[in-house]
Amino acid sequence: MNSPITYERTIKHIFDIGITTAKSISELKCIVESDQISELHLLRYRAKEQDNGNGSLMRILPLLFEIKGLRSAEQFEKIWQISALTHKHIRAAMACFIYLKLAELIFLGLAKEQAYTEMRNQISKFWEDSNFPDSERIHFNSTILHDIRSKSYAELRSSGYVIDSLESSLWCFMEKDNYKDIVLAIINLGEDTDTGAAIAGGLAGLYYGLEGIPKDWLLNLARYEDIKLLIEKMARRYLD
């Protein structure tokens with residue numbers, strides 16, 4: 001397997017890519033080129049503690065339209081498969097599950113408070129039904145076992161660690177009442193600002209809609225027209 005060479009080639013052409021994601025792209029390229037696609041389903045079993053960056057959480061939101069309405073067990077299975085393409089650990093997958101479960105309830109039209117409470121209930125039930133390890137549950141104390149809003153803003157972090165990103169994005173989403181303030185709140189934490197804004201902004205966009213995003217922010221987006229076309233394509237597939 002020539003992944004070190006592939007990795008070197010990858011990072012020369014991609015801006016601001018995380019180490020875990022860059023290595024994962026190299027691994028995926030080798031799997032595809034060797035025509036061993038079945039290996040993709042085994043990635044989760046190669047998880048290491050360091051596979052808990054926030055990269056899969058940042059990109060997971062579109063999966064909502066594939067898994068909405070499925071049983072929780074089926075949802076988690078699909079989420080872990082997709083998360084494991086770059087971030088294999090069950091903790092990263094659970095962070096994605098929590099995020100998508102809240103997104104699903106928002107998509108169904110629930111208000112923030114009701115959606116957050118129901119999400120916590122459904123995740124807790126899934127943990128019991130699936131015997132989710134106690135050693136992993138403790139990492140979600142602040143978001144599931146307790147209300148994330150019991151933390152102060154000063155206690156939050158927006159680092160590259162998936163738990164930090166999940167906590168800060170949920171806090172900002174629950175505490176602020178419009179898209180702009182949610183995104184600025186997580187950006188002002190510093191550290192991994194672009195990823196944090198993408199994660200919190202995903203929930204905010206789903207809740208407040210396109211009209212909730214400041215127009216000057218939209219007009220300054222690179223390739224704005226291409227993004228609109230992609231959105232319209234997804235809408236035709238999933239929302240018609």
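With a relative accessibility of 64%, R223 counts as exposed, where exposed stands for a relative accessible area over 50%, buried for one under 20% and partly exposed for values in between (1.4 Å probe, protein chains only). The model is a predicted one, in which local features require a pLDDT of at least 70 and side-chain atom pairs are counted only at pLDDT 80 or more, while totals for chains, interfaces and linings use all residues. Residues are numbered from 1 along each chain as its sequence is written, and side-chain values rest on heavy atoms, with hydrogens and water left out.

R223 is found in the loop between α13 (215-219) and α14, and its phi is positive, at about 60 degrees, although the residue is not a glycine. A positive phi is also seen at N131, another residue other than glycine, with a value near 55 degrees. N131 is placed in the loop between α7 and α8 (134-137) and is exposed, its relative accessible area being 64%. Most residues other than glycine have a negative phi.

The mean pLDDT of the chain (the predictor's confidence in each residue, from 0 to 100) is 89, and 87% of the residues reach 70 or more. Over residues 1-11 the pLDDT falls below 50, and beyond near neighbours in sequence this stretch makes 13 contacts in the model, a contact being a case of heavy atoms within 4.5 Å. The chain comprises 14 helices and 0 strands; helices (H or I, at least four residues) and strands (E, at least two) are taken as DSSP runs and numbered from the N terminus. Of the 240 residues of the chain, 45% count as buried.

The largest nonpolar core contains 59 residues, and M94 and F140 have the most contacts inside it. Two or more residues are given to this core by each of α4, α5 (72-83), α6 (90-107), α7 (112-130), α10, α11 and α12, with α6 supplying the largest share, 13 residues. Such a core is defined as a set of buried Ala, Val, Leu, Ile, Met, Phe, Trp, Tyr and Cys residues joined through side-chain atoms within 4.5 Å. When residues up to four places away in sequence are not counted, M94 touches F76, I123, F126, W127, F132 and F140. In soluble globular proteins, nonpolar side chains tend to be buried together.

C96 and C172 are both buried, C96 with a relative accessible area of 0% and C172 likewise at 0% relative accessibility. A search of the whole structure for disulfides, that is, pairs of cysteine sulfur atoms within 2.5 Å, finds 0.

Salt bridges (a side-chain nitrogen of Lys or Arg within 4 Å of a carboxyl oxygen of Asp or Glu) number 13 under this rule. One of them joins R237 to E66, with the closest N and O atoms 3.4 Å apart. Because R237 belongs to helix α14 (residues 224-238) and E66 to helix α4 (residues 64-67), this pair ties together parts that are 171 residues apart in sequence. R237 counts as exposed at 63% relative accessibility, whereas E66, at 41%, counts as partly exposed.

In the salt bridge between E128 and R137 the closest N and O atoms are 2.6 Å apart, and R137 is buried, with a relative accessible area of 15%. The side chains of E191 and R157 also meet in a salt bridge, at 2.4 Å from N to O. E191 lies in the loop between α11 and α12 and R157 in the loop between α9 (141-145) and α10 (162-175), so that this pair ties together parts 34 residues apart in sequence. Both partners are partly exposed, E191 at 45% relative accessibility and R157 with a relative accessible area of 44%. Elsewhere, salt bridges that share partners join E49, R91 and E136 into one network.

In an unreviewed entry, UniProt lists D192, D194 and T195 under "binding site"; the positions are given in the numbering used here, feature names are shortened, and annotations may be inferred rather than shown by experiment. D192 is placed in the loop between α11 (179-187) and α12 (193-208) and counts as buried at 19% relative accessibility. Leaving aside neighbours within four places in sequence, D192 is in contact with N54, S158, S159 and G160. D194, by comparison, lies in helix α12 and is partly exposed, with a relative accessible area of 44%.
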